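This report describes the architecture of a single model, working from its sheet to the helices around it. The sequence and the structure are shown first.

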Amino acid sequence: MFHLKNTPGRTCNIDGKEFLFFSGYSYLGMNHVKGFTDLVKEGINKYGILFPSSRISNTRLKLYEKFEKRLSEITGMEDTVTFSSGYLAGKTISDILSSYKNILIAPGTHPAINIKKTQKTNSINFNEWQNEVVALINSSDKNEFVLLADSVDILKAEVHNFSFFENIDPSKKIIFLIDDSHGIGILGNNGEGIISELPKRDTIEYILCYSLSKAFNIEGGAVSCSVKWSEKLRQHPNYTGSTAINPSLVHAFLKSKKLYRRQREKLIKNIGYFKK
């Protein structure tokens with residue numbers, strides 16, 4: 001383990017020596033984009049470093065509504081609910097879903113959404129799990145299932161393929177919670193995340209939860225979903241009793257659409273260069 005004296009960029013300094021830095025989750029490098037950090041400072045001057053109030057207070061910042069609307073536009077979902085961390089976002093929606101009976105959880109799913117209850121699968125990897133899920137659901141007399149999985153296996157740097165949904169009996173209703181922390185802001189034509197790669201079917205309902213720190217450089221998390229689920233989330237104690245995300249970061253996010261696009265284009269170009 002190495003202890004750093006400052007936040008690394010493409011390099012880091014350890015014991016007086018410079019090393020290339022290939023760790024961490026700052027996928028777009030926003031922490032080192034001057035235009036972005038200047039907007040954060042602008043936000044501090046306008047909103048301070050914290051908005052010390054619960055989300056259901058009678059004094060609220062309009063800023064957060066704009067923020068959630070923007071995230072809904074990015075993901076193409078009906079609504080979005082934000083939290084002070086990605087872990088809290090995932091934990092809250094998985095807590096709501098834990099009341100369902102038929103829950104199937106993929107191996108390696110992040111602890112934030114890994115509901116602690118008896119599972120019906122014995123798979124040791126994602127490929128085995130998807131085959132088992134299809135067989136189990138199609139042969140079951142149950143009509144509704146809840147599935148939980150991560151969009152990306154970060155240990156293998158591999159985006160999961162969810163095309164197996166096309167093999168599930170279309171009469172079965174599926175609620176699928178996906179942790180897209182490592183896909184949002186990166187995957188898709190415009191950084192919309194894994195949602196761009198998921199099969200579309202009326203009997204499959206997707207719920208996305210994700211950390212905002214990986215690509216967007218914001219200490220917080222969100223759940224993008226239908227209004228039905230967002231209403232449940234906004235009634236949950238984890239939402240009503242928690243402090244909102246740092247408003248200066250939200251301010252910077254809302255003004256950085258072009259900056260995010262530019263950094264994403266750089267990333268794609270660098271990945272292409274690296275592959276060559």
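The model is predicted. It contains an open sheet of six strands in the order 3-10-9-8-5-4, with mixed pairing. Strand 3 (79-83) and strand 4 (103-105) stand at the edges; each has a single partner strand, so one side of each is left without a neighbour in the sheet. From one strand to the next, the twist averages 15°.

Strands of a sheet pair through backbone hydrogen bonds, in either the parallel or the antiparallel sense. Strand 5 and strand 8, by contrast, run parallel, with seven bridges between them, and here Leu-148 lies opposite Leu-177 of strand 8. Strand 8 also pairs in the parallel sense with strand 9, over six bridges. In that pairing, Ile-175 has Glu-205 of strand 9 as its bridge partner.

| Strands | Sense | Bridges |
|---|---|---|
| Strand 5 and strand 8 | parallel | seven bridges |
| Strand 8 and strand 9 | parallel | six bridges |

Strand 8 is mostly covered, with six of its seven residues buried.

**Ile-204 in strand 9**

Ile-204 is located in strand 9. The residue counts as buried because its relative accessible area is 9%, below the 20% cut-off. Apart from neighbours within four places in sequence, Ile-204 is in contact with Phe-165 and Ile-174. The C-alpha atom of Ile-204 is separated by 9.9 Å from that of Val-146, a residue 58 positions away along the chain.

Thr-92 belongs to helix 3. With a relative accessible area of 0%, Thr-92 is buried. Leaving aside neighbours within four places in sequence, the contacts of Thr-92 are Phe-83, Leu-233, His-236 and Asn-238.

Helix 2 (residues 62-75) also packs on the sheet, where it touches strand 3, strand 9 (204-211) and strand 10. Its direction makes about 125° with that of strand 3.

Helix 7 is mostly covered: seven of its eight residues are buried. These are Pro-247, Ser-248, Leu-249, Val-250, His-251, Ala-252 and Phe-253. The elements that cover them include helix 1 (34-47), helix 2 and helix 8 (257-275).

The axes of helix 2 and helix 7 (residues 247-254) come within 10 Å and cross at roughly 45°, which makes helix 2 oblique to helix 7. This crossing is left-handed. Helix 2 contributes Leu-63, Tyr-64, Lys-66, Phe-67, Arg-70, Leu-71 and Ile-74 to the contact, while helix 7 contributes Pro-247, Val-250, His-251, Phe-253 and Leu-254. By class, the contact of helix 2 with helix 7 has nine nonpolar, one polar and two charged residues.

Helix 1 packs against helix 7 at an angle of about 130°, and the two axes are 7 Å apart. Helix 1 is therefore likewise oblique to helix 7, but it passes helix 7 in a right-handed crossing. On the side of helix 1, the residues that meet helix 7 are Phe-36, Leu-39, Val-40, Glu-42, Gly-43, Ile-44 and Tyr-47. Their counterparts in helix 7 are Pro-247, Ser-248, Leu-249, His-251, Ala-252 and Phe-253. The contact of helix 1 with helix 7 comprises nine nonpolar, three polar and one charged residues by class.

Definitions and conventions
Residues are numbered from 1 along each chain as its sequence is written. This is a predicted model: local features need pLDDT of at least 70, side-chain atom pairs count only at pLDDT 80 or more; totals for chains, interfaces and linings use all residues. Side-chain values use heavy atoms; hydrogens and water are left out. Two strands pair if DSSP finds at least two bridges between them. Helices (H or I, at least four residues) and strands (E, at least two) are DSSP runs, numbered from the N terminus. Axes are lines fitted to C-alpha atoms, for helices over the stretch in contact, and angles run from 0 to 180 degrees between N-to-C directions. Contact means heavy atoms within 4.5 Å. Buried means under 20% relative accessible area, exposed over 50%, partly exposed in between (1.4 Å probe, protein chains only). Angles under 35 degrees count as roughly parallel, over 145 as roughly antiparallel, 65 to 115 as roughly perpendicular and the rest as oblique. A crossing is left-handed if the near helix is turned anticlockwise from the far one by less than a right angle, and right-handed if clockwise. Ala, Val, Leu, Ile, Met, Phe, Trp, Tyr, Cys and Pro count as nonpolar, Asp, Glu, Lys and Arg as charged, and the others, Gly among them, as polar.
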